[in-house]
Amino acid sequence: MTVHPPVVGHCDELLEAMGAFRASAHITERWGERLAAVLTRGGRLLAAGNGGSAAQAQHLTAELVGRYQHDRPAFSALALHADTSSTTAIANDYGVDQVFARQVRAHGRPGDVLMLLSTSGASANLLSAADAARSAGLRVWALTGPAPNPLVAGSDEALCVTASSAATVQELHLVAVHMVCAAFDAAVEREAA
């Protein structure tokens, strides 16, 4: 069986990006611990992204509302793109750039966390959401592709994946989501003990 160069090349790119990404593990641990402190006290996580990043954001919220690896209480986490009626109504009435910002203003409370996922870090609707969140007193975290990018500048903290393809960035965003969930669960367990 012949393995074609683009297939192997993708694996090589992922391995190379993983090396640099691994040095960012402390960020995912800090985010998981901070998220546990917010959510166990009645706060919530709002998450958003476009396209594949929307799927990653929804994956994160599902792990928190449901469970990651072990049974535990449910926590408040909303994927802002998942409410199609609100999303399409806002896009129609206010413009696509306001799709997430308007929901942040509706659902976000001071002390909550907004996590934004973007391979480019340049999506106007995510930048508007970050502005709305900071104005409302939310903490803004960004998972992006290579820095610098506008979303990094508009966030309180960012984890940037250095990779040349959006596919590799998204793959490592999924790894980051799982690392945040592992740190979150460990912090919740320590707090309950």
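Predicted model: local features only at pLDDT ≥ 70, side-chain atom pairs only at ≥ 80, totals over all residues.
1. A residue is called buried here when its relative accessible area is under 20%, exposed when over 50%, and partly exposed in between (1.4 Å probe, protein chains only). By this criterion, 6 of the 6 residues of strand 3 are buried, so strand 3 is largely enclosed by the rest of the structure. Helices (H or I, at least four residues) and strands (E, at least two) are DSSP runs, numbered from the N terminus.

2. Residues are numbered from 1 along each chain as its sequence is written, and side-chain values use heavy atoms, with hydrogens and water left out.

3. Strand 1 runs parallel to strand 3 and is joined to it by 5 bridges; Ala-48 has Leu-116 as its bridge partner in strand 3. Strand 3 (residues 113-118) also pairs with strand 4 in the parallel sense, over 6 bridges. Within that pairing, Leu-114 stands opposite Val-140, and Ser-118 stands opposite Thr-144. The chain passes from strand 3 through helix 6 (residues 124-136) to strand 4, and this β-α-β crossover is right-handed (with the strands pointing away from the viewer, the path from the first strand over the helix to the second runs clockwise).

4. Strand 4 (residues 139-144) is mostly covered, with 5 of its 6 residues buried. Strand 4 also pairs with strand 5 (residues 157-160) in the parallel sense, over 4 bridges, and Leu-143 stands opposite Leu-159 of strand 5.

5. The loop between strand 4 and helix 7 (150-153) contains Pro-148. The peptide bond from Ala-147 to Pro-148 is cis, with omega near 0 degrees. Most peptide bonds are trans.

6. A nonpolar core is a set of buried Ala, Val, Leu, Ile, Met, Phe, Trp, Tyr and Cys residues joined through side-chain atoms within 4.5 Å. The largest such core has 33 residues, of which Leu-35 and Leu-45 touch the most other members. Among the elements that each supply at least two residues are helix 1 (5-22), helix 2 (25-39), strand 1 (45-49), strand 3 and strand 4. Helix 8 gives the most to this core, with 9 residues.

7. Leu-174 is placed in helix 8 and counts as partly exposed because its relative accessibility is 28%. Gly-42 lies in the loop between helix 2 and strand 1 and counts as exposed because its relative accessibility is 64%. The C-alpha atoms of Gly-42 and Ser-76 are separated by 7.7 Å, although these residues are 34 apart along the chain.

Note on methods. Pairing = 2+ DSSP bridges.
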